[in-house]
Amino acid sequence: MKTIDLLESNRLGSKLPTEDSIKLNEVTKIVFKLKKTIVLTGAGISCNAGIPDFRSSDGLYNLVKSKYPKNCVKGQDLFDISLFRNELTLSLFCTFMEGLYSSSLKAKPTETHKFIKILKEKNKLLRCYTQNIDCLEKVINLNCGIDLNNFNDGNNSNFNKIWKNLDVVQLHGNLQKLSCTQCFKTFNWSPDNQAQLSKGLNPECENCYLKYQERLYSGKRLTGNIGMLRPDIVLYGENHPQSEIISKGLSLDMSLKSDLLIIMGTSLKVDGIKKLVRNLSKTIHDKGGLVIFINKTPISKSWSNLIDYEILSDCDDFIKVLKHEIPDLFLTQEQLDSKKLSNNKEKTKEESLLTPPSTPKKTKIKREPKKFKRAESNSKKINKATNSFKLPSPQSSFNEDDEPDLDELKMTSNRSRALRAFTRSQMNQERSIKVKRELEDVDINTKRIKL
Ligand SMILES: [Zn+2]
């Protein structure tokens with residue numbers, strides 16, 4: 001088991017030691033790469049949502065202790081079936097649960113809850129098993145909790161289909177529902193029920209009451225009691241009413257070759273959870289997968305062979321690290337596409353800056369009418385011939401759009417021939433004058449020598 005301590009570096013505001021950075025990098029790559037993740041969550045993921053942890057120093061147990069200092073009920077006993085044996089402790093349980101329900105209504109899903117949703121959206125979530133009863137996963141539209149009515153038809157293919165659609169399995173029940181102690185029917189909280197529970201009273205079950213009335217009016221023998229409503233959560237020492245379905249679903253998940261187990265916000269102290277993690281870890285390791293544990297408190301070394309990475313951190317802080325290291329995991333497909341597009345544009349821009357400008361491509365010149373071409377070639381000849389005389393270029397008055405005047409061009413051509421002939425004769429004349437002058441000079445000089 002490799003340990004990464006994010007708490008210490010956060011507390012000191014210092015950089016993570018290189019060794020831990022390397023291990024953290026391994027973890028982020030694993031989360032990004034592996035495809036079939038099972039998540040197991042505990043109270044630690046809901047602390048930042050405003051729901052107190054059960055065991056931490058500012059947890060629920062201590063809050064109850066400060067609220068009822070004279071009462072001898074210990075924190076853990078508030079979740080124990082034994083409190084139903086005593087009217088006073090039952091009353092305390094009702095008041096406490098109503099408080100917890102009210103605070104859960106105000107709570108908002110945390111970064112960790114949203115991370116579970118992201119795993120689902122990226123098709124990487126095989127299942128989330130939670131010990132939490134707050135149902136915050138439902139707020140972000142995760143399919144949360146088992147509806148017994150769906151599973152009761154005994155059809156196996158139906159079971160597989162319904163189970164595979166379930167995102168979150170609540171191992172300890174659901175605080176957002178009330179259930180009858182007699183007929184086990186579940187109900188939503190009503191303002192009336194809430195008012196009674198806050199006073200420490202258990203509301204009567206409507207279903208049981210109606211059945212009782214029916215028997216009474218039909219003159220049948222009155223059997224059974226009218227049940228009372230309590231939060232639909234599983235207490236210590238109590239069997240989970242959905243245990244059969246959960247163990248069947250768990251077997252199905254184990255056969256689906258999960259490659260990653262992420263355990264978040266739980267200290268793994270409850271026996272049932274310990275067993276679940278042991279089984280999941282072994283199955284995942286057998287398939288070559290990995291197990292990552294994230295919690296504020298270190299885990300016992302007895303887990304060393306079952307957990308690969310222990311990250312000491314607040315769960316939301318760890319999610320922030322993931323967001324920083326593997327941002328693409330948190331982007332929607334649309335955002336990824338637009339990121340890819342802008343990256344490509346940026347790349348093309350960079351390439352064009354680095355590459356020297358290429359030779360411009362030959363552009364195809366539009367073929368002009370034959371008449372124009374000939375006229376143009378004539379005008380070139382004229383230009384060449386007349387340049388030395390600085391005659392006004394025929395092109396100076398030549399407009400490409402106009403039809404060239406051939407007669408004028410012909411005349412100009414004749415003129416240039418005449419000019420060439422004139423130049424030749426003038427040059428000859430000048431040369432003969434120069435020779436004559438030179439001869440005269442020689443004559444004068446010879447005369448001078450003679451003198
Ligand atoms: Zn009932």
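**Ground rules**

I number residues from 1 along each chain as its sequence is written. Because the model is predicted, I take local features only at pLDDT of at least 70 and side-chain atom pairs only at pLDDT 80 or more, while totals for chains, interfaces and linings use all residues, and side-chain values use heavy atoms, with hydrogens and water left out.

**Zinc site**

I started with the metal: which protein donors does the zinc ion have? I found Cys-180 (SG), Cys-183 (SG), Cys-205 (SG) and Cys-208 (SG), lying 2.2 to 2.4 Å from the zinc ion. A donor here is an N, O or S atom within 2.8 Å of the metal (3.2 Å for Na, K and Ca); water is not among the atoms, so sites may look incomplete.

Helices (H or I, at least four residues) and strands (E, at least two) are DSSP runs, numbered from the N terminus.

Why do I call the arrangement tetrahedral? The 4 donor atoms subtend angles of 102 to 115° around the zinc ion, which makes it so; the cut-off for four donors is that all angles lie between 85 and 135 degrees. For reference, the ideal angle for four tetrahedral donors is 109.5 degrees.

I also checked accessibility (buried is under 20% relative accessible area, exposed over 50%, partly exposed in between; 1.4 Å probe, protein chains only). Cys-183 is partly exposed at 27%, whereas Cys-208 is buried at 8%.

**The sheet beside it**

Two strands pair if DSSP finds at least two bridges between them.

I noted 5 bridges joining strand 5 to strand 7. The zinc donor Cys-180 has Leu-229 of strand 7 as its bridge partner.

**His-172**

I looked up the UniProt record, an unreviewed entry, and it places the feature "active site" at His-172. Such annotations may be inferred rather than shown by experiment. I find His-172 in the loop between strand 4 (168-170) and strand 5. Beyond four places in sequence, its contacts (heavy atoms within 4.5 Å) include Thr-130, Ile-233, His-240 and Ile-273.

**Loop residues**

Where is Cys-135? It lies in the loop between strand 3 (125-130) and helix 6 (136-139), and its phi is positive, near 65°. Phe-184, in the loop between strand 5 and strand 6, also has a positive phi, of about 65°. Cys-135 is buried at 4%; Phe-184 is exposed at 61%.

Last, I checked Ile-81, in the loop between helix 3 (60-67) and helix 4. Ile-81 is partly exposed at 26%. Its C-alpha atom is 5.5 Å from that of Leu-235, 154 residues apart along the chain. Not counting residues up to four places away, Ile-81 touches Leu-235, Tyr-236, Gly-237 and Glu-238.

Methods
Four donors count as tetrahedral if all angles lie between 85 and 135 degrees; four count as square planar and six as octahedral if opposite donors are over 155 degrees apart and all others between 65 and 115; anything else is irregular.
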